[in-house]
Structures are given as structure tokens and as C-alpha cells.
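Here is a short report for a reader new to this structure.

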Amino acid sequence: MDFFDYANIVHYFINTDTWYVKYIVGGLCFLIVFVFQAVGLFIISGREGYKNRWMAFVPFLNTYYIGVCGQKNRTFKSVDTRIFSLVAAILEALLVVGYVINDIAWMYLKAYNLIEYVDTTNGYGLIWPIETLSSNIREFPELFWAGWCFEFLDKFILSFLELAFLVMQVFTLSAFFQTFAARRYMLFTVTSILFPVQGILIFILRNNRGMNYRDFIRKEQERQYRMYQQYRQQQSFDQNPYNQNPYSRNPYEDDGSSSAGSSGTNGNNSSKSGSADDPFSEFGGKDGNNDPFEN
């Protein structure tokens, strides 16, 4: 599938006379990415202990093998990921055969001038001159299959198969990237669907160990909960006005601030220590000098 994706991209940058260039460039790009993916799957399967590692180097079978390497996770609990990858591999094979037949039909029709390119504001677009076909297809009955392929195979059958393959590919890649790129599995999956670079991404993840995504989520939740608890405790400690406990000090303990204020009192008490036995000594007494009752 990636081969035709690369070829279609190159198609927009070449002339109609050099149509073969898109197949050459598309083939080279596909070969490079295919090798990266095969090496990545081979290393991953060896570390995880999966058998039949040779499948990583066989077209179509390597699509199935992606599901094998990602079987620790399931898009649906009741469906094994390998089932999705197997269906995806079968659909991919059908699509490749269909695109090959469609391109051969296109070349036949182009050779008999039954289709042509027109220059539009959107670049080059392929049209079918219905009047020309209606008048000439009877003269070339051997091209009826090509006309049918151009009219129905490309526009309807292949479009339906491509949509079904896309769904299976999403399920397969989601399980694979959940296993080896749990934190960014959604980003990797969407990127692989939109751009033909899944082989490069698989190669990047070749050294990651597989994990169960649900176990990863549970551990992440536990870690975040512990961090939250620590944060709450720290906030509570910083904001609690009773952290400076006023009762941690002895209120009866003399300090410098009270000694200065009470020095006079202490002096009076010490001066009265001698007359502590006479509670009325301040009014004069036997030993006092100011006895109010003394004449």
C-alpha cells in the first residue's frame, strides 16, 4: 500500500510523458521504509520472544506480524489483535492486486486515446471522454475489461476496500503503539494513518519494551495520586497558621522581654522580703517608720 502512496505523491510533480518515474521513485521510497520496518519488527520480536521472525521481511505478512508484536494489548477486550492484523493483511493484498490491475487498465486506455489529461486549476486531472468511449469501445471489445476497471474498480470497489483496510489498520497500529509507545500511542497511530511512515516509527521504537497499556495507565494514576497527596500535604503545611505552635513554649518561663518589664516589680518584692511576715508592712508596722497610729 505504501508503494502506491509514494507513487501518487510523485505523480503530482511529473509530466504525463514520464509517468513511469512515479513507479521508480515510489519503489525506492517503499524499499527504504520497508527495510526500516522489517528491522524494527525483527528486533522487537526477538526481544519479546515471538516466533516466526522471518515474517517481518515478507510483504503482507509483516502487516500481520505487527499485530503479533502488539498482542499484549487489544483494541477490544474480546477480540485478539492478531485477528485485526490478519484481516488488514488480506485487505492489503487485495488492494495491491486491484491497484495493479487498475494501473494496467489505465495504460491500455491511454494507449488507445480513450482517456486524456486536462490542465485545470487543480493541476492535472484524469477525465473519461464518454462520447469517445461510447463510439470506440465497440471497435476494441478487448478493452471492455479495462473500461470497466476504470469506471467501477477504482471509483467504487477499491475505495470500499481501502476504507475497510483503514479501519483494520487503525485497530492494529493502536494496539502496537499502545504496547511500545504508551505515552504517545495516539500520535503515532494518527501519523502512521495520515502519512506512509509507519516503518520509520516502528524502527524508532525498536528498543522499547512491550507493556500492557492498562497496567501502564494504572501505574500512572497511582503515581499522579501520590504526587497529588504530596502536594496537598505541602500546601496544608505551608498554609496552616498553627504550624507555629504558641503552646510549644512555656508561658511561665522568664525571658529577656519580661525581665525588663518586671524588674521594678521584682525589685519591690525583693525589698519587701524582709517584711514578708507582716502583711501591713507597707502601712508601717513595728519596724516601719510611718505608722499611722503612732503619735
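## Valine 100 and its helix

Valine 100 lies in helix H4. Helices here are DSSP runs of H or I with at least four residues, strands are runs of E with at least two, and both are numbered from the N terminus. Valine 100 counts as partly exposed because its relative accessibility is 39%. Buried means under 20% relative accessible area, exposed means over 50%, and partly exposed falls in between (1.4 Å probe, protein chains only).

This is a predicted model: local features need pLDDT of at least 70, side-chain atom pairs count only at pLDDT 80 or more, and totals for chains, interfaces and linings use all residues. Residues are numbered from 1 along each chain as its sequence is written, and side-chain values use heavy atoms, with hydrogens and water left out.

## A nonpolar surface patch

Val100 belongs to a nonpolar patch on the surface, together with Val97, Ile101, Ile104, Met107, Tyr108, Tyr112 and Trp145. Their accessible area is about 650 Å² together. Helix H4 (residues 81-111) gives the most, with 6 residues.

Patch residues have over 30% relative accessible area and no salt bridge; nonpolar side chains (Val, Leu, Ile, Met, Phe, Trp, Tyr) are joined within 5 Å, like charges within 9 Å. A salt bridge is a side-chain nitrogen of Lys or Arg within 4 Å of a carboxyl oxygen of Asp or Glu. Areas come from the Shrake-Rupley method with a 1.4 Å probe; for residues, only the protein chains shown count as cover.

## Aromatic rings

The structure holds 10 aromatic pairs. Rings of Phe, Tyr and Trp (its six-membered ring) pair if their centres lie within 6.5 Å; planes under 30 degrees apart are stacked, over 60 edge-to-face, the rest tilted. Tyrosine 185 and tyrosine 213 are edge-to-face, because their ring centres are 5.1 Å apart and their planes stand at 70°. This pair links distant parts of the chain, helix H7 (residues 185-194) and helix H9 (residues 213-239), with the two tyrosines 28 residues apart. Tyrosine 185 is buried, at 16% relative accessible area. Tyrosine 213 is buried too, at 19%.

Phe176, Phe177, Phe180 and Phe188 form one aromatic cluster. Arginine 53 lies over the face of phenylalanine 42, 3.7 Å from the ring centre. Such a charge (NZ of Lys or CZ of Arg) is within 6 Å of the ring centre and within 35 degrees of the ring normal.

## The whole protein

The protein has 11 helices and 2 strands. Of its 295 residues, 32% count as buried.
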